[in-house]
Amino acid sequence: MALRRDPDGGEPMVVAAIEKRPAPVASVPAADPIAAAPRGPASAAQLENSAGVTVTRAGEDAPDAIIITIPSEARTITLATAPDNRLVERSRYGLLPKTGPDGATPAKVYARPLGPEPATKPAGRIALLVGGLGISQSGTADAIAKLPPQVSLAFAPYGTELERTVQRARGEGHEVFLQLPMEPFDYPDNDPGPHTLLTGPKAPDNTDKLHWALGRFTGYVGIVNFLGGRFTADESALSPVLRELAGRGLMVVDDGSSARSLLAGSADRARIPSLKIDRVIDGVTRPDAIDKELGALESLAREQGVVVAAASALPVSIERINRWAQSLEAKKIVIVPVSAARGFRSPKSTGSIKTTGSLQ
């Protein structure tokens with residue numbers, strides 16, 4: 001066209017006029033309470049998934065029939081989706097938990113709901129926290145699959161595919177906690193692992209180490225110390241970490257391994273929801289010793305209303321807990337999540353159990 005200077009080059013063509021017209025004003029009908037209600041699932045399949053039921057419609061397997069399979073009560077309780085965008089902030093180490101702008105906290109949103117009250121009043125309640133998960137894939141898988149969903153699980157910040165594993169645990173109904181490695185008295189001979197929170201000259205690095213651990217996965221209710229006899233006894237090292245945790249809406253659990261620990265009491269003074277473990281059931285890793293400790297938990301639960309215990313994700317521990325849990329219904333003992341156990345404790349004492357036997 002340019003070389004031949006053809007005045008008709010590029011034809012045929014058309015010119016279209018574009019007019020700007022004001023958008024029509026839609027009439028606003030009177031408020032309809034039904035229409036204003038939140039919309040439910042977009043499809044029947046979504047409704048079934050959220051309710052946890054399985055529906056088999058008419059077909060070759062069930063002609064002229066619809067079969068609805070309702071899961072057990074324990075499986076109907078679902079945990080909130082994680083991560084909740086209100087409760088995370090981006091950092092160099094990934095997503096860190098935080099308190100939401102509306103006051104929502106990970107400690108409340110990610111906790112396993114307590115569920116409806118049993119038909120008969122429980123003779124006692126037991127909260128159980130099983131830790132050391134996330135490192136051994138087989139051990140972690142066994143704990144998730146075999147332990148009752150009311151049992152809370154604590155994951156170490158090490159291991160691979162932690163986010164996926166944690167979300168699988170939450171999908172099975174287990175609320176989760178993050179284990180924070182802290183300096184023991186015999187450190188470094190006894191080393192909890194990389195990024196351990198330390199006392200002394202290296203204490204200023206603890207905030208960065210804490211952020212690294214907090215960013216390893218999402219959806220946890222709070223933190224629990226891993227070792228840390230020296231660290232939890234040092235108020236000057238502990239206080240900056242608790243100040244950091246206070247603004248992130250997390251629960252703090254003292255694993256009860258050190259009589260000199262200030263963790264639960266200091267967290268309580270910092271207005272952080274906190275709890276202290278009463279007993280460790282697998283200090284001696286023999287089946288008969290674990291069974292004896294589990295029996296002691298039942299007695300304490302009956303006497304005091306609620307007891308909080310901890311265990312490691314050892315094969316023998318998982319096997320004995322699984323077997324023991326199946327006997328509790330007949331004894332009118334119920335397992336409750338660790339996050340819920342705090343509500344049955346005396347509000348004046350974070351670490352001690354009520355001795356009146358009454359439950360709040």
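Figure 1. The protein chain has 13 helices and 13 strands, where helices (H or I, at least four residues) and strands (E, at least two) are DSSP runs numbered from the N terminus. This is a predicted model, in which local features need pLDDT of at least 70, side-chain atom pairs count only at pLDDT 80 or more, and totals for chains, interfaces and linings use all residues. Residues are numbered from 1 along each chain as its sequence is written, and side-chain values use heavy atoms, with hydrogens and water left out. Out of 360 residues, 42% count as buried; buried means under 20% relative accessible area, exposed over 50%, and partly exposed in between (1.4 Å probe, protein chains only). Take the contacts (heavy atoms within 4.5 Å) with a separation of 6 or more: 66% of them involve residues 24 or more positions apart.

**Figure 2. A look into the nonpolar cores.** A nonpolar core here is a set of buried Ala, Val, Leu, Ile, Met, Phe, Trp, Tyr and Cys residues joined through side-chain atoms within 4.5 Å. The largest one holds 56 residues, and Val130, Leu153, Phe155, Leu214, Leu245 and Trp324 touch the most other members. Zoom in on Leu245: leaving aside neighbours within four places in sequence, Leu245 is in contact with Leu210, Leu214, Ile223, Leu250, Val252 and Ile272. Apart from this core lies another, of 24 residues, including Val109, Met251, Val253 and Ala341. In soluble globular proteins, nonpolar side chains tend to be buried together.

**Figure 3. Asn206, tucked into helix 7.** Helix 7 covers residues 206–214, and Asn206 lies in it. Asn206 counts as buried because its relative accessibility is 2%. Not counting residues up to four places away in sequence, Asn206 touches Thr196, Leu197, Leu198, Phe231 and Val241.

**Figure 4. Two cis peptide bonds.** Ala82 and Pro83 are joined by a cis peptide bond, with omega about 0°. Pro83 sits in the loop between helix 3 (73–76) and strand 3 (88–91). Another cis bond runs from Tyr187 to Pro188, and its omega is near 5°. Pro188 belongs to the loop between strand 7 (176–182) and helix 7.

Figure 5. Most residues other than glycine have a negative phi, and most peptide bonds are trans. His195, not a glycine, has a positive phi near 65°. You'll find His195 in the loop between strand 7 and helix 7, and it counts as partly exposed because its relative accessibility is 31%. Leu227 isn't a glycine either, yet its phi is positive at about 60°. Leu227 lies in strand 8 (residues 222–227) and, at 27% relative accessibility, counts as partly exposed.
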